[in-house]
Every structure is written in structure tokens, then in C-alpha cells.
Amino acid sequence: MPARTSWIPYALIAPSVIFLGALFLVPLVQTIWLSFSAGDGFSLENYQRMAGDLNFSLAVRNTFLLTLVVVPLQVVLALAMATMVTKLDRGRDLALWVLTIPLGISDLAAGLAWLALLQNTGYLNSALYALGLIQGPVGWLSQETPWALFFAIVLAELWRATAIVLVILIAGLQLIPKEFSEAAEIFGAKPWTRFMRITLPLLKPSLQSALILRTVLAFEVFAVVYALGGRNFPVLAGEAYVWQNDNQNYGVAAAYAVLIMAISLAATAVYLRVLRTRPEQLP
Amino acid sequence: MADIVIDRVVKEFGTFRALQGVSLTVNDGEFVALLGPSGCGKTTLLRIIAGLETQTSGRVVIGGQDVSNLAPRKRGLAMVFQNYAVFPHMTVFENVAFGLRMQKAQQEEVKRKVERAAALLHIESYLDRYPAKLSGGQRQRVAVARALAVEPAVLLMDEPLSNLDALLRLEMRTELKAVLREAGTTTIYVTHDQTEAMGLADRIAVMYGGKIDQIGSPLEIYATPATRFVGGFIGSPPMNFIKVRCSQGMARIGDATLPCPATGKDMELGLRGEDASLAPNGSGIPFDIRVVEPMGSHLLLTGSIDGQPARIVAPPIAKVNAGERVGLTVDPARVTWIDSITGRAIARA
């Protein structure tokens with residue numbers, strides 16, 4: 001190739017570099033800078049204030065608890081759903097389409113939908129009352145019922161965001177030639193053994209992508225929690241929102257944002273290491 | 001060790017009948033090739049024997065036991081797949097050991113049997129490597145070793161050599177024959193390559209349109225094809241079919257006559273290109289040469305007999321030219337007579 005055309009690749013990626021730089025890198029640097037500045041110059045004051053806040057440890061605990069419960073459940077559910085969908089002969093597209101409907105709904109709308117179901121005068125209480133199981137409205141989402149609230153948030157998150165894992169895993173399953181499973185079957189492997197020894201290891205690259213995506217998003221969970229529980233169930237992103245809008249303290253909000261990013265990066269690094277596929281083991 | 005009885009197996013996919021009541025018996029220790037063009041149902045039949053596909057009707061009996069409704073793992077067989085299906089996330093050792101591990105064999109037994117299978121296929125030196133590091137031929141050896149390690153009663157092979165290049169295919173074919181003879185396993189081998197089938201098999205079942213057209217030894221199939229299809233499919237060049245009319249036990253082609261089996265019938269003379277010998281023009285069957293192709297070991301002559309296309313194999317030193325007419329002498333005992341209407345061979349008188 002003639003040397004003078006060597007600028008073309010750079011010109012072609014320039015728009016996306018400029019776009020990312022302007023809308024991602026600059027705000028990122030600004031946020032990090034904001035979180036480390038108070039008064040004039042470098043300071044850890046915002047972080048001290050964040051850590052000293054009454055809700056901080058609660059928000060950390062809740063965010064981690066939610067992530068540790070929701071993400072594994074989503075992976076297991078999505079694996080089961082993906083296995084079933086790929087086994088369908090007829091109506092497979094329809095089933096997949098129905099299962100992925102929640103992906104098209106914004107997280108706030110999903111939260112509000114579950115609020116309509118679960119609030120005091122919601123559909124759940126109406127149904128239970130009509131069945132004679134309760135005498136009057138029962139509060140499921142209040143501060144007095146933290147486990148019911150937690151359970152409701154888990155339920156809403158499972159409903160809302162399992163489909164993205166499903167889509168990634170189905171794509172991954174379709175990449176595995178069926179001969180692997182057939183060979184294992186011929187050589188004596190029962191269905192569960194085939195799943196554990198053949199399908200799951202070969203699905204590792206897709207599992208890794210799905211886990212990174214879902215875990216990062218789970219650490220950022222906000223709208224569903226906010227719609228269902230308000231500040232009754234503090235989470236990290238929610239606290240950032242409160243410090244930004246209610247307290248008008250951008251420095252502490254930035255500190256929360258940086259903390260969420262650090263946790264997400266750490267989780268991603270762990271997944272990249274633990275679930276790495278050695279190049280010689282690729283199909 | 002076991003024999004295999006396939007009894008009137010029918011397979012339908014929707015309205016399409018892939019197998020139209022196929023029956024076949026494979027004796028204990030025998031090597032049978034299922035040979036046919038793509039879409040003839042040979043792979044479907046193999047997958048039904050394996051249990052990976054369920055027959056619409058009919059039975060599969062292995063070693064006296066009706067396995068028609070058993071899961072593949074309960075049929076006591078092993079299989080080699082066209083694309084090898086060697087597990088990429090396991091070492092060669094673990095691949096070969098897979099079947100033994102599923103049988104919950106003791107570690108010592110696993111080690112002994114894996115090493116024996118590996119030695120048979122000459123893959124001992126890369127037992128601890130991953131398949132991605134191996135060539136296609138080496139992966140194929142791993143797939144065969146994995147199948148032989150479980151010492152199966154029945155071995156099924158689905159076009160195992162078709163992904164290899166020509167030279168390697170020839171080498172593996174010879175080796176496979178030696179290895180399988182030593183193992184003495186009952187083998188069914190699916191292929192669309194007639195040289196593979198001829199070279200490897202004790203008997204060949206030629207399949208066409210979901211049916212077995214003929215089953216017999218490679219020589220029988222070659223010398224006495226049961227149908228026009230078998231004659232045209234086996235042999236290179238394919239058998240020539242010349243339309244003739246048989247009257248009073250004699251068929252007239254040009255100036256020549258050949259004794260024919262049935263009188264008053266339209267039939268086709270099935271003539272192998274290598275069964276005709278050249279004679280001067282004016283004697284024998286007239287053959288108009290259109291193209292001469294020197295193939296090294298022989299000359300391939302393309303032309304026509306009585307206006308009908310034909311290919312004749314001549315010695316490499318024969319003095320013939322394109323555009324020439326020569327005579328062909330034919331041994332009446334080596335020709336096949338085909339009924340024009342049914343396409344089946346007419347029994348010799």
C-alpha cells in the first residue's frame with residue numbers, strides 16, 4: 001500500500017475518538033478532579049464526607065448485597081431460559097421476543113410498574129384481599145419491612161434485566177457446534193454432565209461478557225430502587241443523586257461516582273482474570 | 001463385539017421421506033461402508049443407528065438387543081464425526097479419556113487404555129496439548145483414539161476423512177484400515193467418496209434416494225452393478241450406458257453384435273471404459289473419438305458409440321487421435337444389461 005494513504009485509518013477513527021474524548025474522557029477527568037478538590041487544590045475532604053455519612057455503609061452494603069443476589073440469579077435463570085429456548089423447534093422466535101420485552105422498557109418505567117403491583121393499594125394487595133388472605137392493605141415497601149422491600153427490588157431487577165444476559169447467552173450457545181454435545185452423549189454423558197462438562201466451559205467467553213455487563217450495571221442500580229423504596233433502601237448511585245440534587249454538593253456526588261467506577265473496574269478485572277479462556281482452548 | 005441388524009427403518013422429516021424402509025445386516029467385526037451422493041440418507045441412517053435421530057418406524061438391533069428406543073449412551077457404541085468434535089477445552093489426554101471417565105473407570109485403567117489408544121494412532125507425544133495446537137490430521141487421530149479407547153462393540157464413522165487434504169486422506173485411509181483390522185470392531189462408515197469405500201470396506205451399501213440400491217463386496221459392486229445408478233456412481237470414469245434393442249438374443253450396435261439376455265426389449269448396454277479393448281476400425285463396436293486425454297497411467301478417450309456419449313480407457317501407448325473412428329472389442333461376460341424402464345440390471349441367462 002502506498003505510504004501516503006497511511007493517514008486514512010486515523011481519519012476514519014477520528015470521529016469516534018473525538019466523540020469519546022468530548023463526551024466521555026473529559027467528563028471522566030472532570031469528575032475525578034471534582035471528587036478530589038475542595039476549596040482550593042487537592043483534598044480528600046469529599047471522600048471523608050462521603051465515608052462519614054450515615055447512609056454510606058448502608059449504601060455500600062445494599063449495593064453489594066443486591067449485586068451478589070441479583071447477578072448470580074440472573075445468570076442461572078438466563079442459562080435455564082437460553083437452554084430451553086434453543087431446544088424449541090417451533091415458536092422459538094416468538095418465545096425469545098416475549099422474553100426480551102423488558103429490555104425495551106426503561107428502568108424507571110419498570111420500577112413504576114412494579115410499584116403499581118406492590119404498593120399498599122396495588123394489585124398484589126387487592127388480589128390477596130379478594131382471596132381473603134389479608135384483612136387490609138399491607139405495606140411491602142416500607143422501612144419496617146426491609147426484607148420485603150429487598151425482595152421486591154430483586155424481583156423487579158430480575159424481571160427487568162435478565163433478558164440482556166439471555167440474549168448474550170443464546171448468541172453464545174448458537175456458536176457451539178452441536179457435535180460437541182452429541183459426541184459427549186455418544187460417549188456416555190447424561191444431560192447434566194453434558195451441560196457441566198461441555199456446554200458451560202465452551203460458553204465461558206459469553207458468560208464473561210454477560211457477567212461484566214450485568215455486574216457493572218448492577219453496581220449502578222438506581223431507578224428501580226428509587227421508584228420502589230425511595231431512600232428506604234439506600235444504594236450508591238442513589239446517594240450520588242441525593243448529594244447532587246438535594247444537597248447540591250457536587251464534590252461528594254463526584255466521590256460516589258468515582259467509587260462506583262472503581263468498584264466496577266475491579267469487578268471487571270476479576271472477571272477478566274477468573275473467566276479468561278486460554279487461547280489454546282478456543283474452539 | 002456385536003452385529004447390527006437394521007430392520008425396515010423409515011425416517012420422515014415432515015412430508016419428506018429421507019429413508020424408505022432400509023434393511024441391512026452388518027456382521028460381527030465387519031466393516032460396511034454406506035456410500036452415496038449427498039442427500040441419499042446415509043448420514044441420517046448412521047445417526048439413527050447412533051440414536052442421535054429417532055426413526056419414524058423400524059428397528060435397530062445391536063448385538064441381539066433392540067436399541068431402537070435407547071439413548072445413545074446406552075447403545076454401547078462410539079462415533080467419529082465429520083468435523084472431529086474434539087473438545088477444545090480439554091487436553092488430548094482428557095479427550096481420549098472422555099468415554100472412560102463417563103464409565104467411571106479407575107484412574108489406572110483410564111491411563112492404560114488412553115495410552116494404548118494413543119499408541120495405536122501415534123499421538124502419544126501430544127497427549128498434554130490442546131486440540132487447537134494440532135493439525136487437522138492430528139485432530140482426526142484424536143477423534144479416532146477417543147472412539148477406540150472405550151473399546152466399543154460398534155464404531156460409527158461419519159465422513160471422517162472428508163475434511164483432510166487429498167494426500168493426508170490417502171495416508172489416513174491406509175492407517176485407519178490397519179488400525180481397525182487390529183481392533184476388530186464392527187464398523188459402519190459413511191462416505192460419498194467411492195475410493196474410500198472401495199479401499200476400506202468389506203462390503204459396500206450403495207444408497208440412493210433413501211434406499212439401499214445394492215450391497216456387496218467392492219468387487220461385486222464394481223463388476224456387477226444392480227442398477228444404472230450404481231454403475232454410474234461407482235468407477236472412474238463411470239460406466240457407459242448405450243441404448244440398444246435386443247432381438248433374438250442379439251443386440252446390434254453399428255456393425256457389431258453382442259449376445260443379450262432378453263429379447264424384444266429396449267435395454268441399455270452397461271460397459272465399463274476399461275473393459276473394452278481397441279481394435280482396428282471396421283471390427284467390433286464403432287467408437288468415434290472426440291477428445292484424447294493422456295492421464296499418465298492410461299489414456300482417457302471421450303467420444304460416442306452409435307451417437308451416444310461414452311468414455312473408454314486405453315493403454316497409455318495406444319496410437320489414437322481425436323476425430324478418428326476405432327473399433328472396440330468387448331467380452332460379453334463383462335458387460336451389464338440394464339432394463340431401460342426400471343433401471344435395474346437384467347439377470348444373466
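Buried here means under 20% relative accessible area. The views below come from a predicted model.

**View 1. Burial of strand 8 of chain B, residues 186-191.** Both faces of this strand are covered. T186(B), I188(B) and V190(B) lie on one side, while T187(B), Y189(B) and T191(B) lie on the other, and all are buried. Because 6 of the 6 residues are buried, strand 8 of chain B is largely enclosed by the rest of the structure.

**View 2. Pairing partners of strand 8 of chain B.** Strand 3 of chain B (residues 31-35) pairs with strand 8 of chain B in the parallel sense, over 5 bridges. Within strand 8 of chain B, T191(B) is the residue opposite L35(B). Strand 7 of chain B (residues 154-158) also runs parallel to strand 8 of chain B, and 5 bridges join the two. Here M157(B) has Y189(B) of strand 8 of chain B as its bridge partner.

**View 3. A right-handed β-α-β unit in chain B.** The unit consists of strand 7, helix 5 (residues 166-183) and strand 8 of chain B.

**View 4. Packing of helix 10 against helix 13 in chain A.** The axes of helix 10 (residues 204-219) and helix 13 (residues 250-274) of chain A are 9 Å apart, at an angle of about 165°. Angles over 145 degrees count as roughly antiparallel, so helix 10 of chain A is roughly antiparallel to helix 13 of chain A. Their crossing is right-handed. Helix 10 of chain A makes the contact through Q208(A), L211(A), I212(A), T215(A), V216(A) and F219(A). From helix 13 of chain A, the contact residues include I260(A), I263(A), A267(A) and Y271(A).

Note on methods. Residues numbered from 1 in each chain as written. Chains lettered and ligands numbered in written order. Predicted model: local features only at pLDDT ≥ 70, side-chain atom pairs only at ≥ 80, totals over all residues. Heavy atoms only, no water. Buried < 20%, exposed > 50% of the residue type's maximum accessible area, 1.4 Å probe, protein only. Helix = DSSP H or I, 4+ residues; strand = E, 2+ residues; numbered from the N terminus. Pairing = 2+ DSSP bridges. Right-handed = clockwise from strand over helix to strand, strands pointing away. Axes fitted to C-alpha atoms, helices over the stretch in contact; angles between N-to-C directions. Parallel < 35°, antiparallel > 145°, perpendicular 65-115°, else oblique. Left-handed = near helix turned anticlockwise from the far one by under 90°. Contact = heavy atoms within 4.5 Å.
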